[in-house]
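Q: I would like to learn how to read a few features of a model. Can we take them one at a time?

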Amino acid sequence: MEKMKALICRECGKEYPTEALHVCELCFGPLEVKYNYEEIKEAMSRASVEAGPKSLWRYKELLPIEGGPTVGLHAGMTPLVHAKNLGSFLGLDELYIKNDCVNQPTLSFKDRVVAVALTRARELGYETAACASTGNLANSVAAHAAQAGMQCYVFIPGDLEAAKVLGNLIYRPKVVEIEGNYDDVNRLCSEIAGERRWAFVNVNIRPYYAEGSKTLAFEVVEQLGWRAPDQVVVPMASGSLLTKIWKGLNEFKKIGFLKDVSTKVNGAQAEGCSPIATAFKDGRDFFKPVKPSTIAKSLAIGNPADGYYALKTAAESGGAMEAVTDDEIIEGIKLLAQTEGIFAETAGGVTIGTLCKLVKQGVIKKNEVTVAYITGNGLKTQEAVVDSVGRPYRIPPSLVKFEETFGQQGAA
Amino acid sequence: MRCRSFPLLPVAAMTKLRFHIRFPEEKIPEPVIYQIGHEYQVVTSIRRADVRETTGWMDVEFSGETAEIERAIAGLRNKGVLVDPIELNVVE
C-alpha cells in the first residue's frame, strides 16, 4: 500500500487521487494529504531518522512524495539554538530559537515547502514551476527550479523593492512584474494557475507544498531529544505554517515517536496585518480580511487561506495569538540580534515581539520549554532597520584620535 | 465545459468559474445572489456559506458564458460585494 492514501477535503472529507488538485470539486474546501500511518510506523524509527541525511528528507516517509527527493536536497536541519541570553532577558529557562535564517539555499523556511513541492511536481510530470510572491517564496522557487532544470515563472507586484527583484533575477527565471494593486496580482495569478499546466507551488501544488512545513515540528522534537516543546511561537501569514507544525507534532504521536502532545501553539502577526490574531483576541471563529500595512511584508496576507484553520489550531492546542506594532517588530529584530547574534527578517521581529508580549502576559512561563520560529534572514529586509541601528564611528587614521574616541581601555 | 477559478481571456464559451465572495455587514440583508441571477445570464451554485448578522461569505460556482460571468462579477463588485479567487490570497 502507498504511504499517501489520498488527497482529502478538509471540510467534507471527500477523497481524491494524489494528483495536482487543491480544491474539493464538491464543496470547494481545501485539500490536504491523507497518509497511511500504520505503514509509515512500520517503515520509520527514531534510529532510521537519526541515520538519515542532514536535511528535511530524513523524514521523507512523512512527506508527500512517492520516490526519493530530487529537488532541495539540502533544505532543513537548521540549528535549534538554546537562547540563553534572550532567555535570561525574558526570564525563561529553556528558550530555543529555530533558526531558519540559515536554511538552504535561499535563507528562509520557504526552502522547506518548495523542496517538497517541486520534488512532487516532477513526480507528477511538470516541467515548469511558478509562484506569485513578494519575496521569500519567489527566491526559493527560482533557485530550486534552476537546480532542477525546470522552466520558472515568478509573478511579482510591480512596486517590489529592487533588491528583492534582483534576488529572483539572478536565478534567471521569467520574472513578471504585474501592474496594478495587490488584489489585481492575486486575481491574475489565480487565473494563470487555472489556465497553464504549470506547477504553481502555492496553488495547484499547495496540498504537497504545505506539508514541507511539518519538518519544522519534526526537527524541533528530534533536536530537543525526542520531546515536544511546551510552547511554540509561530509567525502567521496564510496561517498554514502554524497548522502544519501542529499536524507534524501530532503525526509524531501517531507513529509512536511521542507519547503525548501538549504543546501550546501560539500565533504571531503584525498589527498592520493581523486578521487572524484579531479574530482570536475577539473570540471569533472567523476572520475579517484586511488591507495590509506593515513593514513585515512576508506576513502581509490580508485574506489568509488557512486563517480559519489557524484559529482552530490555536484553540485546539490551548495556544494564544498576539500582534505587534512596526516599532515592536524592529525592537524584536534588534533584541534577537543583540542577544543571540541572529539577524532575522521582519517576520522574525514579529515572532520575538510576540514572544515578549506572551511572556509579559504570563502566557509563557519561566520553566516551559519554548521554541520561537525564526523563518527568514535579516539581510533580505535591511530597509526595515536601516534607520534604527545607528551609524559607524568615523575617525581619521590616527591612534590618538582612536584613543580620544574610545579611551585607553577601548570602551566608547 | 471548462472549470477554473477565473477566466484568462473572454471567449464566447460556456464555462464554470469558482469564487469566494464576501458581504460587508450592510449588504447582508440584500438578496444579492438572487439579483445577479436576474440581471445576468449566469447560474449560481452555492457550495459552502456562512452568513451571520455582521459578516458573511459564500463559495460559489457561476455557470454561463465567460464574458457574462465577468459582467456578473463586475456587477457584484458594483454592489459592494467583495469577490476573490476560491484560493483567497495566492501571493506569498
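Q: How many helices and strands does the secondary structure of chain A come to?
A: Helices (H or I, at least four residues) and strands (E, at least two) are DSSP runs, numbered from the N terminus. In chain A there are 15 helices and 13 strands. The radius of gyration, taken over C-alpha atoms, is compared with the globule rule, 2.2 Å times the number of residues to the power 0.38. Chain A has a radius of gyration of 21 Å, close to the 22 Å that the rule gives for 412 residues, so it is as compact as a globular protein of that length. Along the principal axes, its C-alpha atoms fill a box of roughly 75 × 50 × 45 Å.

Q: Which numbering and which confidence limits apply here?
A: Residues are numbered from 1 along each chain as its sequence is written, while chains are lettered from A and ligands numbered from 1 in the order in which they are written. This is a predicted model, in which local features need pLDDT of at least 70, side-chain atom pairs count only at pLDDT 80 or more, and totals for chains, interfaces and linings use all residues. The model scores ipTM 0.85 and pTM 0.94. The predictor's confidence in each residue is pLDDT, from 0 to 100; chain B averages 87, and 87% of the residues score at least 70.

Q: What percentage of the residues in chain A is buried?
A: A residue is buried if 20 or more other C-beta atoms lie within 10 Å of its own, exposed if 12 or fewer, and partly exposed in between, with C-beta atoms placed from the backbone. Buried residues make up 55% of the 412 residues in chain A. Just after H15(A), A:Gly407 has a positive phi of about 75 degrees.

Q: Is A:Ala347 buried or exposed?
A: A:Ala347 counts as buried because it has 33 C-beta neighbours inside 10 Å. This residue is found in helix H14 of chain A. Two residues are in contact if their C-beta atoms, placed from the backbone, lie within 7 Å. Not counting residues up to four places away in sequence, A:Ala347 touches A:Pro235, A:Ala296, A:Ser298, A:Leu299, A:Thr375 and A:Gly376. A:Gly376 is 29 residues from A:Ala347 in sequence, with a C-alpha to C-alpha distance of 7.0 Å.

Q: At what angle do the axes of H13(A) and H14(A) cross?
A: Axes are lines fitted to C-alpha atoms, for helices over the stretch in contact, and angles run from 0 to 180 degrees between N-to-C directions. Angles under 35 degrees count as roughly parallel, over 145 as roughly antiparallel, 65 to 115 as roughly perpendicular and the rest as oblique. The axes of H13 (residues 326–340) and H14 (residues 346–360) of chain A come within 7 Å and cross at roughly 90 degrees. That makes H13(A) roughly perpendicular to H14(A).

Q: Which residues does A:Cys189 contact?
A: Leaving aside neighbours within four places in sequence, A:Cys189 is in contact with A:Ala132, A:Phe155, B:Val90 and B:Val91. A:Cys189 is found in helix H7 (residues 182–195) of chain A and is buried, with 28 other C-beta atoms within 10 Å.

Q: How many residues does each chain give to the contact?
A: Chain B gives 21 residues and chain A gives 32. E3(B) gives the most to the side of chain B that touches chain A, with 3 residues.
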